[in-house]
Amino acid sequence: MRVEIPEMPPQAALIGGDWLATATTLEMEAPSDGRVVTAIARCQAEEVGAAVAAARGAFAGTLGDWAQWSTRRRGEWLLTMAAAIDADHQRLAALECLDTGKPMTQARADITACARYFRFYGGAADSLHGETIPYETGFTVMTLREPFGVCAQIIPWNYPAQIFGRCVAAALATGNTVVLKPAEDACLSVLRLAELAMQCGLPAGVLNVVPGLGREAGAALATHPDIDHLSFTGSPETGTQVAQAAAQHHVPVTLELGGKSPQIVFADADLDAAFDAVVRGIIQNAGQTCSAGSRLLVQREIAEAFTGRLVERFAALRCNAGDADADCGPLINARQKSRLEARLAAAEADGIRIAARGELAETASPAGHFVVPHLLTEIPDGHAVLREELFGPVLAVQVFDNEAEALQLANATDFGLCAGIWTRDGGRQLRLARGIRSGQVFINNYGAGGGIELPFGGVGRSGHGREKGFEGLRSYTRLKTVAIRHG
Ligand code: TXE
């Protein structure tokens, strides 16, 4: 079923409660067929400066006093926003599907998740508290959890609505104000969400959105001297740049930089359940998921049979436009497509076997940025396809003999975001869960990013800091210790 073209959001930036046009705009292409569907504002340093000033004013200043709203009142606002997202579900999902090219079913799941972030953090807003600390006689010591102030948020194109929910809901629930720079490749759902936030009565300046290019609006935001916190989701290279910029002003940074996550399947596992999760973990959003299970480690006894099943399944996977709701949509743009194709060609030239390829549907547009799913086997140890994030529907298979080898292979990457362990052996589950170097471990399931409630973030090249769940709420506050000597 084709999805109707939704009404487009404003071609402007949201600054201080007003939608402001910029001198120039950026055309937005649909990745499924290359059609220009609308344009977005192209903010420069001047607009970013105005947005930061508005966020400062709304935090506690000329524009308002968001930080002084009671936690209950802020929570209620978030719940109102969650209901507005639900009411706008069809339009938001259609925008997300068109803009990212992801299958409509996935786009719908993303909008549902976005609403859940607002509902979860709306409910949690008045449950976060400091502590009292036993100290010397005659003292009472307590900790206060305070908002940072102005939070800068730079988000990517792979899950615009979900990441908006994850970052904005947690920051607002804790009393911060926000300047958000969405990705130039996909941000239509974000602009619509910002429109909804204003319709739900969010005070002017509490949320500001400055669309534009990374090297212009993004760099201006990361280097701005008046931000108090920076949260970035994207590539390790850009993550390094923004963290260096923030360090100039001693601004704390949360970095979520992707991964090279393994799924480890032992011979004693529920192999049907593992099989489905392994396939889903890599084709979701055409593999453009930070938590994609892009490596399969499979025990030798079952390797041939398990891989044989994967060959059949991969050959049957279909790619098509987002609204055709196939197994995979396109990649986000021509650059990501040619980057992935070059890596696949290099892998083949290095003798890696392409054991199976999916197919492009006959109705798919030749102008879409499609790369069909690939299953790679016979990979030399340490090859780039085992270490680098390919960000496409490509599963790299390795075979292991025993638990020790599985652990060594799982940790043989600089990334460390997620891992899946499939075994019925309880001792092995716990040994591996402890031994694996990653922010999340799933045993006999693979959450592909995990739920809203589960703390999420990486180690090593995957970044640092935690978002989602209560931990995400804490990470948008800083602790103040108050020591009272009363005798
Ligand atoms: O990322 P960038 P790209 C990984 C994935 C992908 C690769 C490249 O491996 O193949 O990164 O994608 C903004 N100052 N991930 O080039 O450049 C940019 O506008 C400030 C993993 O799209 O990191 C966008 O809003 N900001 C990932 C955001 O940074 C800058 C999601 C991400 O873009 C900037 C996306 C600058 N100098 C890609 N340059 C994940 N963790 O899920 C760019 N930006």
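The largest pocket has a volume of about 1,000 Å³. This is a predicted model, in which local features need pLDDT of at least 70 and side-chain atom pairs count only at pLDDT 80 or more, while totals for chains, interfaces and linings use all residues. Residues are numbered from 1 along each chain as its sequence is written, and side-chain values use heavy atoms, with hydrogens and water left out.

**The largest pocket**

The lining of this pocket comprises 41 residues, of which W157, G234, S235, T238 and R335 are the closest to its centre. On a 1 Å grid over the protein atoms alone, a pocket is an open set of points with protein on both sides within 12 Å along at least five of seven lines, a cavity is a set where a 1.4 Å probe fits but cannot get out, and lining residues have an atom within 4 Å of a point. A volume is the space filled by probe spheres set on the points, which are joined across faces, edges and corners.

Two or more lining residues come from each of α7 (214-222), β10 (229-233), α8 (236-247) and α11 (334-349); these elements are DSSP runs numbered from the N terminus (helices H or I, at least four residues; strands E, at least two). The most is given by α8, with 7 residues. By class, the lining divides into 16 nonpolar, 13 polar and 12 charged residues (nonpolar: Ala, Val, Leu, Ile, Met, Phe, Trp, Tyr, Cys and Pro; charged: Asp, Glu, Lys and Arg; polar: the others, Gly among them).

**Cavities**

The whole structure holds 2 cavities of 30 Å³ or more.

| Cavity | Volume | Residues nearest the centre |
|---|---|---|
| Largest | about 80 Å³ | A292, S294, E389, L390, F391 |

The lining of the largest cavity has 6 nonpolar, 5 polar and 3 charged residues. For the second largest cavity, the lining divides into 7 nonpolar, 5 polar and 3 charged.

**Packing of α5 and α6**

Helix α5 (residues 160-173) packs against helix α6 (residues 188-199) at an angle of about 45°, and their axes are 8 Å apart. Axes are lines fitted to C-alpha atoms, for helices over the stretch in contact, and angles run from 0 to 180 degrees between N-to-C directions. The two helices are therefore oblique to each other (under 35 degrees is roughly parallel, over 145 roughly antiparallel, 65 to 115 roughly perpendicular and the rest oblique). P160, A161 and F164 of α5 meet S189, V190, L193 and A194 of α6, contact being heavy atoms within 4.5 Å. This contact has 6 nonpolar, 1 polar and no charged residues.
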